Amino acid sequence: LFDGVYPFYPQQRKAAVFDISTIIVIVVFLTLACSFLLIIPGIRGRARLYWTLRVLLSLVVGVVIVVVQFTGDWETGWVQANTSYKSFSHVQVNADIGLHVGLAGLNVTLRGNPVNQINETINYNEHFPWEFGADYDLSYSEGLEKGLPSPILYVAEKFSTQSPCAVHRQYRIAGHYASATLWVAFCTWIISNILFSMPVLVYGGYMLLVTGAFVIFSLLSFSTVRNSPMCLIQIGTGTLHVAYGGSFWLILAVGLLCFVTGITVVALHHLNLDLLKAFFDLREDKAEEYQEMPEVFVNPHFVNESL
């Protein structure tokens with residue numbers, strides 16, 4: 001041993017905390033937000049508050065639509081149980097088993113209570129993809145070859161194509177269409193920002209309504225999985241129950257925000273256009289528009305000729 005570690009053998013895999021794609025998306029949008037905050041002092045008066053509110057709300061909508069594509073908590077479930085740790089072994093461990101379902105696959109988490117048991121560190125987080133182009137059964141077979149703990153393989157087997165539960169196809173198709181509609185919502189979000197900057201305010205409001213509609217369509221697409229009967233995931237004496245996770249409720253909140261904002265913009269366009277222009281810093285100063293010229297210079301040569 002070298003400092004308690006076998007130096008010539010592969011190290012034990014660590015549990016993943018964040019997805020790299022999620023971090024990249026968050027960093028990009030944080031960069032845009034910071035860039036805007038650097039120029040906001042140059043905006044005078046009440047328009048500074050309006051600009052800050054509009055830009056930050058727009059960035060929140062955009063980052064949520066993109067980030068939830070890579071998160072793994074559209075559906076989540078946890079159970080604590082005493083279960084066997086390895087196949088063909090009667091050794092029992094006390095652990096928390098978690099299931100995290102995303103649009104592109106699922107993560108199965110195994111965390112011991114305590115983490116160090118039977119001379120091992122029990123802290124796993126294994127990903128099994130099912131997006132188009134990925135082979136779920138191959139990932140499951142590789143897990144068998146690596147000798148992953150029995151609870152992880154048991155949960156992952158429930159979603160395989162050969163499982164009697166027969167939910168693999170439903171989850172795969174539902175996740176694919178939910179992802180596709182979210183990308184369309186992201187495109188309509190970009191178009192709405194372009195229309196607001198042109199400015200064509202009422203059409204920007206309409207595109208926000210379209211964005212909210214596609215966000216809700218993605219939720220409806222993912223919810224169709226609930227129409228399929230799900231096998232019980234029995235681990236020891238406990239049962240792992242799955243419910244909608246944080247990403248599902250977050251994208252629902254963004255969809256409702258798009259609807260409320262779009263309806264507000266369209267309503268103000270028809271009811272109080274001046275207030276809408278003031279919020280978007282487009283109100284014309286009528287005092288300057290109709291202001292008379294204080295001093296006029298006339299060429300006397302042309303005046304005499306005309307007389």
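**Cysteines and pocket**

Modeller: The link of C165 and C231 is left-handed, with -135° about the S-S bond. Keep in mind that this is a predicted model.

Colleague: Why is the pair C165 and C231 called a disulfide?

Modeller: The cut-off is a pair of cysteine sulfur atoms within 2.5 Å. The sulfur atoms of C165 and C231 are 2.2 Å apart, so the pair counts as a disulfide. A search of the whole structure finds one disulfide.

Colleague: What makes the pair C165 and C231 a tie between parts of the chain?

Modeller: C165 sits in the loop between α4 (150–157) and α5, and C231 in the loop between α6 (201–223) and β5 (233–235). The pair therefore ties together parts 66 residues apart in sequence.

Colleague: Why is C165 called buried?

Modeller: Buried means under 20% relative accessible area. C165 has 8%, so C165 is buried. C258 has 1%, so C258 counts as buried too.

Colleague: And why is C231 called partly exposed?

Modeller: Partly exposed lies between the cut-offs, under 20% for buried and over 50% for exposed. C231 has 28% relative accessibility, so C231 is partly exposed. C34, with 46%, is partly exposed as well.

Colleague: Which residues lie nearest the centre of the largest pocket?

Modeller: Y50, R54, V55, F279 and F280, out of 36 lining residues. The volume of this pocket is about 1,000 Å³.

Colleague: Which element gives the most to the lining of the largest pocket?

Modeller: That is α2, with ten residues. By class, the lining has 25 nonpolar, six polar and five charged residues.

Conventions: Residues numbered from 1 in each chain as written. Predicted model: local features only at pLDDT ≥ 70, side-chain atom pairs only at ≥ 80, totals over all residues. Heavy atoms only, no water. 1 Å grid on protein atoms, 1.4 Å probe; cavity = no way out; pocket = protein on both sides within 12 Å on 5 of 7 lines; lining within 4 Å. Points joined across faces, edges and corners; volume = space filled by probe spheres on them. Helix = DSSP H or I, 4+ residues; strand = E, 2+ residues; numbered from the N terminus. Nonpolar A, V, L, I, M, F, W, Y, C, P; charged D, E, K, R; others polar. Buried < 20%, exposed > 50% of the residue type's maximum accessible area, 1.4 Å probe, protein only.
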